Amino acid sequence: MNKIIVKATFIVVWVTSTNWACGCTDAPKKQQQEHQKDDPVNIILEKLNKTTSDLITYQSQIEYKYVQPLLESEALHKGVFYYTRSNEQSAISINFNTLKQDDEKEQKYIEQYIILDGDRLALADHELKGIWLAHLDYQIKEAKYYQLAEPNDPNNSTDVFELASQKLPMLGFSKIEDLKKQFEVKLIEQKKDESEDFIQVHLKVKPNSIYKDDYISIDFWIDKKLNLPAKIVAVKREPEPPYGDIEEIKFIKPKVNQNIDNKVFELKMPKGFGEPEIFPLERKK
């Protein structure tokens with residue numbers, strides 16, 4: 001997958017469900033419920049699922065760090081994250097404003113990612129259907145549009161989080177039994193100064209997991225007050241361990257289910273930009 005899509009995907013999937021094959025168990029539903037009552041991990045995940053299912057809008061400051069241990073290098077992007085969901089459609093806007101590379105000074109570095117319905121991307125010569133990711137790089141004044149999904153039945157709109165979840169497993173709407181088929185899931189005891197504010201959930205990839213070629217582990221820090229992830233750290237499989245690259249994202253000063261100006265989800269081509277490059281999905285023959 002294109003690196004731009006991977007970067008945006010990691011950022012937007014923090015509350016989404018996992019769309020792998022059905023992980024239905026043979027145990028009766030009542031038996032599963034009894035088991036969940038006794039398992040602290042299940043209790044926490046069920047509570048998190050409830051919070052994310054009620055999420056209508058979300059905005060926060062965002063920090064995205066990409067660490068390359070083998071090269072002893074890291075890049076830190078800072079910006080603002082917006083999400084909105086309605087009965088008709090959902091949208092995400094991520095606006096990065098600065099970049100700090102290694103020991104260099106933080107500098108202005110503007111990038112914008114918007115994920116939304118293609119009907120909202122007005123182009124004179126193209127009709128864009130389905131869900132699209134628009135990436136605007138202000139340093140080189142370049143725009144690229146990537147199709148993420150084909151048009152759905154109008155009665156079954158596709159949520160942008162559901163699309164992103166296909167590349168990275170997330171806590172939120174995931175079925176607990178499915179999650180545990182792919183990962184060893186456990187709680188990590190926090191330091192005294194953090195234990196009152198956060199819960200850490202550690203996901204270790206199982207040898208037969210569908211994610212075994214991509215990730216070694218993923219950690220989530222859940223804000224106890226909001227009951228939403230505040231930080232995510234994913235250790236990648238490549239390069240070879242112990243030098244796997246690390247992706248880290250932090251959500252700072254979040255605002256939940258408060259009004260967001262719809263203008264942040266509007267895409268207007270900035271002055272000096274050329275026509276966007278368009279990358280439709282590859283059709284299966």
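This is a predicted model: local features need pLDDT of at least 70, side-chain atom pairs count only at pLDDT 80 or more; totals for chains, interfaces and linings use all residues.
The chain has 285 residues, of which 45% are buried. Its secondary structure consists of six helices and 12 strands. Of the contacts in the chain with a separation of 6 or more, 58% are between residues 24 or more positions apart.

The model contains an open sheet of 12 strands with mixed pairing, in the order β7-β8-β9-β10-β11-β1-β2-β3-β4-β5-β6-β12. Strands β7 (183-188) and β12 (277-279) stand at the edges; each has a single partner strand, so one side of each lacks a neighbour in the sheet. On average, and with direction ignored, neighbouring strands of the sheet are turned by 15 degrees against each other. Helix α3 (residues 40-53) packs on the sheet and touches β2, β7, β8 (198-205), β9 (215-223) and β10 (228-236). The direction of helix α3 makes about 95 degrees with that of β7. Within the sheet, strands β4 (residues 107-117) and β5 (residues 131-137) run antiparallel and are joined by seven bridges. Tyrosine 113 has histidine 135, in β5, as its bridge partner.

Seven salt bridges are found in the whole structure. One of them, between aspartate 119 and lysine 129, has its closest N and O atoms 3.2 Å apart. Both residues lie in the loop between β4 and β5, 10 residues apart. Aspartate 119 counts as exposed because its relative accessibility is 53%, above the 50% limit. Lysine 129, with a relative accessible area of 35%, is partly exposed. Asp119 and Lys129 also belong to a network of salt bridges that includes Glu127.

A salt bridge also links lysine 50 and aspartate 54, with 2.5 Å between the closest N and O atoms. Lysine 50 counts as exposed at 52% relative accessibility, whereas aspartate 54 counts as partly exposed at 40%. A further salt bridge joins the side chains of glutamate 142 and lysine 144, at 3.7 Å from N to O. Glutamate 142 is partly exposed, its relative accessible area being 29%.

A nonpolar patch on the surface is formed by Leu70, Leu71 and Tyr243, which together have about 320 Å² of accessible area. Leucine 70 is located in the loop between β1 (57-68) and β2 (73-85).

Terms used
Residues are numbered from 1 along each chain as its sequence is written. Side-chain values use heavy atoms; hydrogens and water are left out. Patches are made of residues with over 30% relative accessible area and no salt bridge: like charges are joined within 9 Å, nonpolar side chains (Val, Leu, Ile, Met, Phe, Trp, Tyr) within 5 Å. Accessible areas come from the Shrake-Rupley method with a 1.4 Å probe; for residues, only the protein chains shown count as cover. A salt bridge is a side-chain nitrogen of Lys or Arg within 4 Å of a carboxyl oxygen of Asp or Glu. Helices (H or I, at least four residues) and strands (E, at least two) are DSSP runs, numbered from the N terminus. Two strands pair if DSSP finds at least two bridges between them. Axes are lines fitted to C-alpha atoms, for helices over the stretch in contact, and angles run from 0 to 180 degrees between N-to-C directions. Contact means heavy atoms within 4.5 Å. Buried means under 20% relative accessible area, exposed over 50%, partly exposed in between (1.4 Å probe, protein chains only).
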